[in-house]
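Hi everyone, thanks for coming. Let me put the structure up, and then I'll walk you through a few places in it.

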Amino acid sequence: MITAQDHEWMARALQLAGHGRYTTMPNPRVGCVLVKNGQQVGEGFHRRAGGPHAEIHALEAAGEQARGATAYVTLEPCSHHGRTGPCCEALINAGVARVVVAMEDPNPVVAGNGSRKLRDAGIEVEVGCLEADARALNVGFITRMLEGRPRVRLKQAMSLDGRTAMASGESQWITGPQARRDVQRLRAESCAILTGVDSIIFDNSRLTVRAEQLGLEDAGTIAERQPLRVVVDSQLRMPLAAACLNEPGRTLVVAVEGVESLRRAQLEAAGADVLELPAGADGRVDLAVLVGWLAQHEQCNELLVETGATLAGALIDAELVDELRLYVAPTLLGSEARPLLALAGIQRMEQQRRLEIVDIRALGQDWRILARPLS
């Protein structure tokens, strides 16, 4: 039975897991606390892929005190050999008496096997303590494991009248420094950032995490891992001198199959990786195929979309957007400015796209709205 004390210790484990928000991908964020006789004897969290898991850090901190202790783990202990050994075996060998798990691992390689091994070893196992909080922490990982695609977040900054840039393309800056800092943190926790080639042509977007804007103690370490930059460019119009090609990390340019080989070679020589995918019904890159490819081949948990009205609208039309993150500035840009979304075919009120508002909060003089498509 899960008790009130279990909730308190699991809350601490979830807090620890959050320390890996920017560094563990493609692995999940996991925290662990070891408690004996009502006292904490060890704790840890997963810091980065390839390194020790949360349970190992906690067991090393506890030493012999782990014997007879209760382990609070935000995700079911792994039961397989990857780059590290099985955590369930480490818990068994350490002699823990009880394991409280927030949620079962959605990875089919684990999915209940870790808990089963613990129970077979005579360890009491409870599953489901603060499960909703644990799921929220790893929603991208869960989506990839269960649906074979990343969690897709569409981020846009707009004026109060729903405009994102002037007709000329000028857009810096609509929002203030607090909102821009929030965007940098969103970039840092994303596995990849998706944009359209027009954003590169008009804005020369770098699509990088900038340490000086993060406002975090370990900003420099976080910014060392740059998200994969993905540019949808069906006909390879990407400028060879684009700034993003000279930034740390990788830039993946995605075109339709059969594009000109010379242009592809030029882009690759300029520093891009070029991927050809099938075209959709509109003759452009099939976005559903691309999103699935990123999950399968790049182990992408969380995909951040920062783009213009056309690609943003196409993603919503294809029902590929899980969350909209809108930054609204208290300013008006006028009817000649560029719109937020290009959504074709909406002629009647019954065709409107309804959203669920999840959260609204102030960031300096701006507002951040989190919304999810109801469909």
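Predicted model: local features only at pLDDT ≥ 70, side-chain atom pairs only at ≥ 80, totals over all residues.

Just after H2 comes Gly 63, which takes a positive phi of about 60°.

Two packed helices are described by the angle between their axes and the distance between the axes. For H2 and H3, the axes come within 9 Å and cross at roughly 20°. Angles under 35 degrees count as roughly parallel, so H2 and H3 are roughly parallel to each other. Their crossing is left-handed. On the H2 side, the contact is made by Glu 55, Ile 56 and Leu 59, and on the H3 side by Cys 87, Ala 90, Leu 91 and Ala 94. By class, that contact of H2 with H3 has six nonpolar residues, one charged residue and no polar ones.

Now, H3 has another partner, helix H4, residues 113-120. These two pack at an angle of about 20°, with their axes 9 Å apart, and H3 and H4 are therefore roughly parallel to each other. Is the crossing of H3 and H4 left-handed or right-handed? It is right-handed, whereas the crossing of H2 and H3 is left-handed. From H3, Cys 88, Glu 89, Leu 91 and Ile 92 meet Gly 114, Lys 117 and Leu 118 of H4. By class, the contact of H3 with H4 has four nonpolar, one polar and two charged residues. Notice Leu 91 of H3: it takes part in the contact with H2 and also in the contact with H4.

Next, something from the records. An unreviewed UniProt entry places the feature "binding site" at His 53, Cys 78 and Cys 87. They span 35 residues in sequence, yet no two of their C-alpha atoms are more than 9.2 Å apart, so they gather at one spot. His 53 is found in the loop between S2 and H2, and Cys 78 in the loop between S3 and H3. Why does His 53 count as buried? Because its relative accessibility is 19%, and the cut-off for buried is under 20%. Cys 78 counts as buried too, at 8%.

Finally, two single residues further along. Ala 371 lies in strand S16, residues 366-373, and is buried, with a relative accessible area of 1%. Leaving aside neighbours within four places in sequence, Ala 371 is in contact with several residues, among them Asp 322, Leu 324 and Val 358. Leu 355 is another of its contacts; Ala 371 and Leu 355 are 16 residues apart in sequence and 6.1 Å apart in space, C-alpha to C-alpha.

Thr 310, in helix H13 (residues 309-317), counts as partly exposed at 49% relative accessibility. Again leaving aside neighbours within four places in sequence, Thr 310 is in contact with Arg 284 and Ala 342.

Methods. Residues numbered from 1 in each chain as written. Heavy atoms only, no water. Helix = DSSP H or I, 4+ residues; strand = E, 2+ residues; numbered from the N terminus. Buried < 20%, exposed > 50% of the residue type's maximum accessible area, 1.4 Å probe, protein only. Contact = heavy atoms within 4.5 Å. UniProt positions renumbered as here; feature names shortened; annotations may be inferred. Axes fitted to C-alpha atoms, helices over the stretch in contact; angles between N-to-C directions. Parallel < 35°, antiparallel > 145°, perpendicular 65-115°, else oblique. Left-handed = near helix turned anticlockwise from the far one by under 90°. Nonpolar A, V, L, I, M, F, W, Y, C, P; charged D, E, K, R; others polar.
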